[in-house]
Amino acid sequence: MKKQAPKHTTATEARSGMAETGRKPTPLQAQVLLAARRRCDDMGDSQAARDQMKREVLEAPAELLPDLLTALSTVRITRADLFQPTTDRKECKP
């Protein structure tokens, strides 16, 4: 199966998904939804995972949304990203 390039989501698309819940998102919720969708795009998440992420964002208490936005917007790095692999390895000869 050929892997397709991720489709990046615009803010309008993120807000349009709120129509199914019957209420309009707050501006902060819309920002968090957009960041969540971008993170899902980056991770190549399935539609089920995207739907779960959306539900969790919409159910999150308002006081947690700023921290959630920060967490989803922050560039993630791992320890492996900090080190360059060595190509000129010296063999140990006993």
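## How helix α2 meets its partners

In this predicted model, helix α2 uses Gln-29, Val-32, Leu-33, Ala-36, Arg-37, Cys-40 and Asp-41 to meet Arg-50, Met-53, Lys-54, Val-57 and Leu-58 of helix α3. Contact here means heavy atoms within 4.5 Å. By class, this meeting of α2 with α3 involves seven nonpolar, one polar and four charged residues. In that sorting, Ala, Val, Leu, Ile, Met, Phe, Trp, Tyr, Cys and Pro are nonpolar, Asp, Glu, Lys and Arg are charged, and the others, Gly among them, are polar.

Residues are numbered from 1 along each chain as its sequence is written, and side-chain values use heavy atoms, with hydrogens and water left out. Because the model is predicted, local features need pLDDT of at least 70 and side-chain atom pairs count only at pLDDT 80 or more, while totals for chains, interfaces and linings use all residues.

### The chain as a whole

Helices (H or I, at least four residues) and strands (E, at least two) are DSSP runs, numbered from the N terminus. Of the 94 residues, 23% count as buried, where buried means under 20% relative accessible area, exposed means over 50% and partly exposed lies in between (1.4 Å probe, protein chains only). Among contacts between residues at least 6 apart in sequence, 61% join residues at least 24 apart.

### Two helix pairs

Two packed helices are described by the angle between their axes and the distance between the axes. The axes are lines fitted to C-alpha atoms, for helices over the stretch in contact, and the angles run from 0 to 180 degrees between N-to-C directions.

| Pair | Angle | Axis distance |
|---|---|---|
| α2 and α3 | about 155° | 10 Å |
| α2 and α4 | about 25° | 9 Å |

Helices α2 and α3 are therefore roughly antiparallel to each other, whereas α2 (residues 27-43) and α4 (residues 65-73) pack at an angle of about 25°, which makes α2 roughly parallel to α4. Angles under 35 degrees count as roughly parallel, over 145 as roughly antiparallel, 65 to 115 as roughly perpendicular and the rest as oblique.

The crossing of α2 and α3 is right-handed, while α2 passes α4 in a left-handed crossing. A crossing is left-handed if the near helix is turned anticlockwise from the far one by less than a right angle, and right-handed if clockwise. The contact of α2 with α4 has 10 nonpolar, three polar and one charged residues.

### Residues to look for

Met-53 sits in helix α3 (residues 47-59). Leaving aside neighbours within four places in sequence, Met-53 touches Ala-36, Cys-40 and Leu-72.

Arg-39 belongs to α2 and is buried, at 13% relative accessible area. Beyond its neighbours within four places in sequence, Arg-39 is in contact with Ala-71, Leu-72, Ser-73, Thr-74 and Arg-76. Arg-39 and Thr-74 are 35 residues apart in sequence and 9.8 Å apart in space, C-alpha to C-alpha.

Which residue forms a salt bridge with Asp-41? The partner is Arg-50, and the closest N and O atoms are 2.7 Å apart. A salt bridge is a side-chain nitrogen of Lys or Arg within 4 Å of a carboxyl oxygen of Asp or Glu, and the count by this rule is one. Asp-41 is buried, at 3% relative accessible area, whereas Arg-50 is partly exposed, at 22%.
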